[in-house]
Each structure stands twice: as C-alpha cells, then as structure tokens.
Amino acid sequence: MTEDSKAHFAFKPMIRGMVISESTELFPIGKVYCVGRNYADHAEEMGAKVDVDQPFFFSKPPQAVTQLNSIPFPTQTDNLHHEVELVVFLKSECSDISPSEASKHIFGYAVGVDLTKRDLQTAAKKSGKPWDLSKGFDNSAPISNIQKKGGFLLSEGNISLKVNGQKKQSSNLSNMVWKVDELISWLSKFITLKAGDVIFTGTPSGVGRLSLNDKIEAEIENISTLSFELIQ
Ligand code: MG
C-alpha cells in the first residue's frame with residue numbers, strides 16, 4: 001500500500017493499550033511470547049526437566065493481555081491454573097542480537113499471570129497437539145501496570161502469588177534458568193522483535209488450581225503488584 005493510497009481498513013483495527021505507571025501514555029501490545037520451564041522447580045513439578053540447551057516458547061494473542069480486575073472465569077476447563085511470571089516489554093526493533101545488546105530494547109516490566117487450562121494442555125501434550133487453546137484464551141494474560149525501566153536488565157527480586165490471601169508461589173527472579181537478556185537474544189534469532197512485543201518469562205513452582213470467586217494477588221519486588229478476581 002503506498003502512502004497516497006485511498007485504501008483504508010474495512011473496520012477499525014484493534015490495538016490493546018496497557019496502562020503504564022506514572023504515565024498518561026498506553027503501551028500498545030504487539031506479539032506475546034511465553035517461555036516454558038524456566039525455573040527448575042516448576043519443570044520438576046510438571047514431571048519435566050529444564051531445557052538447558054535451548055529455551056522453548058509458545059505465544060498468546062495480544063487479545064489475551066488484560067488489566068481487568070474482574071475476569072470472567074474461562075469456559076471449557078475443569079482445571080484452570082495460575083502461573084506468576086515476570087513480563088518484559090520491548091520498545092524497539094531487534095533481530096539476531098546478542099544478550100549484551102538486549103537491554104537497550106527493554107521498555108519496562110510488569111508482574112503477570114499466565115493463566116493455563118491445565119486439563120486441555122495435558123491432553124494436548126499427550127496427543128502431540130498444539131497448546132494454543134489451553135494458553136491463548138480471552139484474558140489469559142492478566143498483567144499489572146507496566147513499570148517503565150528503559151534499558152534496565154532486571155535479574156533479581158522476589159516473585160510471589162497468593163490465592164485468597166494464601167501464599168502459593170514464592171521464588172526469586174535469580175532462579176530463572178534463561179535470563180531476560182538471553183530470552184530476548186534467543187527469540188531475536190528466529191523472529192524480528194518489534195516495539196510493543198511482550199515476553200512472559202516462565203513461572204516458579206507452586207502452580208495450582210483456581211476456582212470461581214478466587215482473589216489472586218501477584219507481586220514482583222520493586223516492580224509492581226497485580227490483583228484480580230475470577231467472576232461468573
Ligand atoms: Mg507460563
């Protein structure tokens with residue numbers, strides 16, 4: 001399409017804009033990548049091992065990302081799980097970069113929850129089928145306000161999640177097998193990362209089942225807190 005083209009969109013394109021702390025601007029959500037098995041204790045509780053040779057990724061659609069405080073309980077599952085994760089937001093394009101070049105592309109961070117229909121995921125794993133419907137459903141990626149930390153490489157800090165006031169997950173970002181700069185570098189070798197792209201960086205152990213009306217509180221030290229409720 002040229003600049004002077006009269007063509008226009010058949011309908012308004014949907015862009016997800018997320019709240020940035022202490023800013024009137026919104027962060028436009030692009031592609032959303034999630035890394036699997038990035039904490040040894042979580043890999044173990046899932047009956048798997050950490051992939052020390054290479055990380056593995058799946059993705060969620062941008063529409064999965066939400067900052068709603070009340071999330072309708074997802075349909076088609078009897079075993080919805082919480083996975084608390086550090087979420088990284090990118091501010092510029094990069095392709096085939098080394099870990100040492102990664103931090104300058106970082107816009108900021110949030111705490112997020114990778115909501116997972118574990119029953120669907122387990123069935124997909126067993127039959128060798130994709131995980132998409134177990135991971136990429138509506139509101140499956142709630143996040144806190146985004147903390148602007150341009151160019152800052154975050155490598156430690158407590159990460160935790162409570163359900164109805166009870167602590168379920170607790171670890172430190174220093175336990176991540178693949179660090180933030182390594183994840184950005186790795187992904188950039190396969191895909192051109194762009195401003196707006198998002199990376200969920202994996203969860204520590206303690207994942208578990210959620211029920212209707214549960215109140216979930218997640219926190220990453222010195223970054224942000226997130227709370228939401230699962231409603232009818
Ligand atoms: Mg996850």
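This is a predicted model: local features need pLDDT of at least 70, side-chain atom pairs count only at pLDDT 80 or more; totals for chains, interfaces and linings use all residues.
Trainee: How are the donor residues of the magnesium ion spaced in sequence?

Mentor: The spacing reads E-x1-E-x28-D. Residues are numbered from 1 along each chain as its sequence is written, and side-chain values use heavy atoms, with hydrogens and water left out.

Trainee: OK, so which residues are the protein donors of the magnesium ion?

Mentor: Glu83 and Glu85 each give an OE atom, and Asp114 gives an OD atom. Donors here are N, O and S atoms within 2.8 Å of the metal (3.2 Å for Na, K and Ca), and sites may look incomplete since water is not among the atoms.

Trainee: Is Glu83 buried or exposed?

Mentor: Glu83 is buried, because its relative accessible area is 4%. Buried means under 20%, exposed over 50%, and partly exposed in between (1.4 Å probe, protein chains only).

Trainee: And what about Glu85, buried or exposed?

Mentor: Glu85 is buried too, at 1% relative accessibility.

Trainee: Let me jump to Arg118. Where is it?

Mentor: Arg118 sits in helix α2, which covers residues 118–127. Helices (H or I, at least four residues) and strands (E, at least two) are DSSP runs, numbered from the N terminus. Arg118 counts as buried because its relative accessibility is 5%.

Trainee: What does Arg118 touch?

Mentor: Leaving out residues up to four places away in sequence, Arg118 touches His42, Met46, Asn79, His81, Glu83 and Val207. A contact means heavy atoms within 4.5 Å.

Trainee: Which side chain makes a polar contact with the side chain of Arg118?

Mentor: That's His81, at 3.0 Å. A polar contact is a pair of N or O atoms within 3.5 Å; within protein, one must be able to donate a hydrogen and the other to accept it, and residues adjacent in sequence count only if both atoms are side-chain atoms.

Trainee: New topic: why is helix α4 called largely enclosed?

Mentor: Seven of the nine residues of α4 (residues 180–188) are buried, so the rest of the structure largely encloses it. The buried ones are Val180, Asp181, Leu183, Ile184, Ser185, Leu187 and Ser188.

Trainee: What covers the buried residues of α4?

Mentor: The cover includes β3 (32–36), β4 (56–60), β8 (84–90), β9 (106–113) and β15 (198–200).

Trainee: Now Glu221. Where does it lie?

Mentor: Glu221 is in the loop between β17 (215–220) and β18 (224–231). It counts as partly exposed because its relative accessibility is 35%.

Trainee: What does Glu221 touch, not counting residues up to four places away in sequence?

Mentor: Gly157 and Asn158. The side chain of Glu221 reaches the backbone nitrogen of Asn158 at 2.8 Å. Also, Glu221 and Ser160 are 61 residues apart in sequence, while their C-alpha atoms are 8.8 Å apart in space.

Trainee: Which side chain does a polar contact join to that of Asn158?

Mentor: The side chain of Asn172, with a polar contact of 3.3 Å. Asn172 lies in strand β14 (residues 166–172) and counts as buried, because its relative accessibility is 19%.

Trainee: And what else does Asn172 touch?

Mentor: Besides Asn158, Asn172 touches Tyr39, Glu156, Gly157 and Ile159, again not counting residues up to four places away in sequence. Gly157 and Asn158 are also touched by Glu221.
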